[in-house]
Amino acid sequence: MESGATRADIEHVVTRLRDIGAEVHVSEGQSQTVIGAVGDRSTIQQLPWEAFQGVERAVPVLKPYKFVSRDHHATNTIVDVGGVSVGGQAVTVIAGPCAVENRDQLFAAAAAIKDAGATILRGDAFKPRTSPYSFQGLGEKGLELLAEAREEFGLPFVAEVVDPRDMELISSYVDLVRIGTRNMANFPLLAEVGRQPKPVLLKRGFTATIEEWLNAAEYIYKEGNHAIILCERGIRTFETQTRNTLDISAVPVVKGLSHLPVIVDPSHSGGRRRLVIPLSLAGVAAGADGLIIDVHPAPETALVDGAQAILPDQFSLLMQQVGRVAAAVGRTI
Ligand code: PEP
Ligand code: MN
């Protein structure tokens, strides 16, 4: 309460808190009174306490997210993606083209990443592009090709959903549904992905704080889908040498706050081919449970994100180096 709050102001707040079922603890100091309220957070927060006369500040002590927090679930969650575990002892590598362009391109990438040891394929059929004039993806045809590649190479796959109207279609094909950075705060889309049966890869919004990102995960969890993997993919900063700044500290911070697995995207964060290996190594060293990497058999012909796609040979080298860093931090790949 403000130092000038009257007894009547204090009593009014205490009464209103008791009315809504909170347990109230009042401590009176020399010049200020602190009112502690214990009870259901969502009930207590329904009232605009800072609008009450004499109230200086209302400070929530508990985290705004609940189910995705480590306080709720102390041990690491392991997410099953079409038979591949994410969040266990092994570091999971997801790789493939940014977008599915045609059968040859997808199959060449899938063969190469499988050969190098990746266990999940990536490739998008619906692309959220910054410009409306850029290639938007092959749509359902792209999903069909991904499903064919899954059969051929035995690799489960992830693809992005951008529009709730496509959710059922995408969910019926994929092993893992991705929510991209531009949609992290699209709450109807989060609720929708929380109501479908496939696990979810939730990318961090490029302007989102860690707390906002975990709240987005809470939206999904709350709808009943508990198989969520978080992905740090870089945030917007003042730096222009990279496309986004990979927030490497987010990995140990989120591992501390949440029980959900966390992976790193070194491709969309750096935005440059030569940064992909060093950022991958940094991610694994920092405790990431996996990586998601753009690999293209001929990046100079790529319709999307060619500058950051690595070639199959570079991907094999990456896998060897990541294997050594994983071993150094007590993990396998
Ligand atoms: C992607 O992974 O292809 C992608 C578009 O990523 P982001 O949403 O992180 O930009
Ligand atoms: Mn991309």
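Cys98 and Asp305 are both buried, where buried means under 20% relative accessible area, with a 1.4 Å probe and protein chains only. This is a predicted model, in which local features need pLDDT of at least 70 and side-chain atom pairs count only at pLDDT 80 or more, while totals for chains, interfaces and linings use all residues. Residues are numbered from 1 along each chain as its sequence is written, ligands are numbered from 1 in the order in which they are written, and side-chain values use heavy atoms, with hydrogens and water left out.

The manganese ion (ligand 2) is coordinated by Cys98 through SG, His268 through NE2 and Asp305 through OD, at 1.9 to 2.1 Å; donors are N, O and S atoms within 2.8 Å of the metal (3.2 Å for Na, K and Ca), and sites may look incomplete as water is not among the atoms. Because Cys98 lies in the loop between strand E5 (92-96) and helix H3 (103-116), and Asp305 in the loop between strand E12 (290-294) and helix H11 (312-328), the pair ties together parts that are 207 residues apart in sequence. Helices (at least four residues) and strands (at least two) are DSSP runs, numbered from the N terminus.

## The surroundings of ligand 1

Among the residues around ligand 1 are Cys98, Arg178, Arg182 and His268, each having a heavy atom within 4 Å of the ligand. A polar side-chain atom of His268 lies 3.1 Å from an oxygen atom of ligand 1. Taken alone, ligand 1 exposes 290 Å², of which the protein buries 97%, the areas coming from the Shrake-Rupley method with a 1.4 Å probe.

Conventions. Buried means under 20% relative accessible area, exposed over 50%, partly exposed in between (1.4 Å probe, protein chains only). A polar contact is a pair of N or O atoms within 3.5 Å; within protein, one must be able to donate a hydrogen and the other to accept it, and residues adjacent in sequence count only if both atoms are side-chain atoms.
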